[in-house]
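Here's a quick tour of a protein chain for you to follow along with. Keep the picture open and find each spot as you read.

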Amino acid sequence: MKFDNLKLHPFLLKAVKDEGYINPTKIQEKAIPHILNKKDILGSAQTGTGKTAAFALPILHHMIVDKNKPSFKRINVLVVTPTRELAIQIGENFTTYSKYTDINNTVIFGGVKQIKQTDKLKKGIDILIATPGRLLDLMSQGYISLKDISYFVLDEADRMLDMGFINDIKKIIDKLPRQRQSLFFSATMPNNILKLSNSILNYPEKVSVHQTSATAETIDQLIYYTNKSDKRALLTDILKNKVLSQVLIFSRTKHGADRLVKNLKKKKITAVAIHGDKSQPQRQRALKSFKNKEVRVLVATDIAARGIDIDKLNFVINFDMPNEPETYVHRIGRCGRAGEKGQSISICEPEENIYAKDIEKLIKASLTEIKNHKFPQTDLPMNPQQRKEFEKQKQKKKQDFFANRKKNKRTK
Ligand code: AMP
């Protein structure tokens, strides 16, 4: 199917063409006709599938052709999304797709001063993209009213719940007009998400894109089995291959990410980290330097990486294997986006062998094992008794750490 068959307004088709899109992605092909028909959507898809255009284009279409839309520059569309990076990206996409119209948007999120955001709101906007906390904050201060919302998008609902935003979401929904079109997207659809969607949607059309098969088609998935103590040396060795010119590396923890960056820099490999302990300007700077190719490696934690959209990213490395197989699918979905070819490289220590098995079960395929490398796995995973003891010690260490921190704070 071609974009031209989707009955979108010519202004939008022109903008899409400028971006070099020729064919709609699966989610776009499935969702756009329903949204143009004014149906609510329950969409099972994640970032990387072309989901943003799937909702942004038909919404913009309605706004262009709707003669009865509320008076100029009252917020007509609300998109709520969990992270600042995702919010910024969605805003950029709306700007790109609406460039031949007079429709404008703004993005609001926490962690920065509100003045710039409130200035833009005061001037009047059509589309608001927001993270939940700052949205409620500015609503309570009277800068934002939701009474003119005709289109509501809840993006990455599962991540929203993971991040503890459920009550915020409920408060926001309470303030929305009953007459509206609602689009609900989530990568996974467990029961609590379906329950939430029931409270928002009206006879929705269900649209789903299975990322698992999509990843298998476009991403080469390699795995190195090694020992814990050899992981860094193995990573450095892998990065000797200059074909890996831009790499996103996943680390399970923030500390781990920082340590890895330090280590890579020692080896003269340019790297920056992006995670929850970094301030918003730091994160933006890190992302920019990676996008501009000033640094070769971006080390990210899972939450920070959500919503990072880097054109033509070809390589993802899992320095730690994720213990939830769905996270693996999210991670490797960062490369090989929208039909691009990608390669994921997982570095697996003995304790993580079990995670690799879970991943293979979920994706219904085997990861391609790289054999005969310099740092083969020789250590054995712990037996259940050893693991229990290990977990106990780890828990104790964590408790001690927090107890100490509390004590230090009190004595300061
Ligand atoms: P998203 O899932 O919305 O984060 O989109 C992922 C990436 O795919 C973004 O960089 C989009 O610009 C790009 N994209 C979206 N739709 C298409 C399309 N139909 N053809 C090519 N690239 C696309």
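This is a predicted model: local features need pLDDT of at least 70, side-chain atom pairs count only at pLDDT 80 or more; totals for chains, interfaces and linings use all residues.

A search of the whole structure turns up 17 salt bridges, and a few of them get a closer look here. Side chains of opposite charge can pair when their charged atoms come close.

- Start with Arg-283 and Glu-85, whose side chains meet in a salt bridge at 3.0 Å, N to O.
- Arg-283 sits in helix H13 (residues 280-291) and Glu-85 in helix H4 (residues 84-97), so this pair ties together parts that are 198 residues apart in sequence.
- Are these two partners buried or exposed? Arg-283 counts as buried because its relative accessibility is 8%, and Glu-85 counts as buried too, at 3%.
- Next up is Asp-320, which forms a salt bridge with Lys-231, and here the closest N and O atoms are 3.9 Å apart.
- That pair links distant parts of the chain, 89 residues apart: Lys-231 is in helix H11 (residues 231-239), while Asp-320 is in the loop between strand E12 (315-318) and helix H15 (325-332).
- Asp-320 has a relative accessible area of 13%, which is under 20%, so Asp-320 is buried.
- Arg-331 belongs to helix H15 and Asp-302 to helix H14 (residues 302-305), so the pair ties together parts that are 29 residues apart in sequence.
- Both Arg-331 and Asp-302 are buried.
- Which residues do salt bridges with shared partners join into one network? They are Lys-228, Lys-231, Arg-252, Asp-320, Glu-349 and Glu-352.

- Look for Arg-232, Arg-259, Lys-262, Lys-266 and Lys-267, which form a positive surface patch.
- Which helix gives the most to the positive patch? That's helix H12 (residues 254-266), with three residues.
- Arg-259 has its place in helix H12.

**Two buried spots in strands**

- Asn-105 is found in strand E3 (residues 105-108), and Asn-105 is buried, with a relative accessible area of 17%.
- The side chain of Asn-105 makes a polar contact of 3.0 Å with the side chain of Thr-95.
- A polar atom of the Asn-105 side chain also lies 3.5 Å from the backbone oxygen of Gly-91.
- Leu-154 is in strand E5 (residues 151-154), and at 1% relative accessibility Leu-154 counts as buried.
- How far apart are the C-alpha atoms of Leu-154 and Met-382? They are separated by 43 Å, and the two residues are 228 residues apart along the chain.

- Most residues other than glycine have a negative phi.
- Lys-7 isn't a glycine, but has a positive phi of about 60°.
- You'll find Lys-7 in the segment before helix H1 (10-18), and at 69% relative accessibility Lys-7 counts as exposed.
- Lys-38 also has a positive phi, of about 65°, although it is not a glycine.
- Lys-38 lies in the loop between helix H2 (26-36) and strand E1 (41-44).
- Is Lys-38 buried or partly exposed? At 48% relative accessibility, Lys-38 counts as partly exposed.

Methods:
Residues are numbered from 1 along each chain as its sequence is written. Side-chain values use heavy atoms; hydrogens and water are left out. Patches are made of residues with over 30% relative accessible area and no salt bridge: like charges are joined within 9 Å, nonpolar side chains (Val, Leu, Ile, Met, Phe, Trp, Tyr) within 5 Å. Accessible areas come from the Shrake-Rupley method with a 1.4 Å probe; for residues, only the protein chains shown count as cover. A salt bridge is a side-chain nitrogen of Lys or Arg within 4 Å of a carboxyl oxygen of Asp or Glu. Lys and Arg count as positive and Asp and Glu as negative; His and the chain ends are not counted. The place of a charge is taken as NZ of Lys, CZ of Arg, CG of Asp or CD of Glu. Helices (H or I, at least four residues) and strands (E, at least two) are DSSP runs, numbered from the N terminus. Buried means under 20% relative accessible area, exposed over 50%, partly exposed in between (1.4 Å probe, protein chains only). A polar contact is a pair of N or O atoms within 3.5 Å; within protein, one must be able to donate a hydrogen and the other to accept it, and residues adjacent in sequence count only if both atoms are side-chain atoms.
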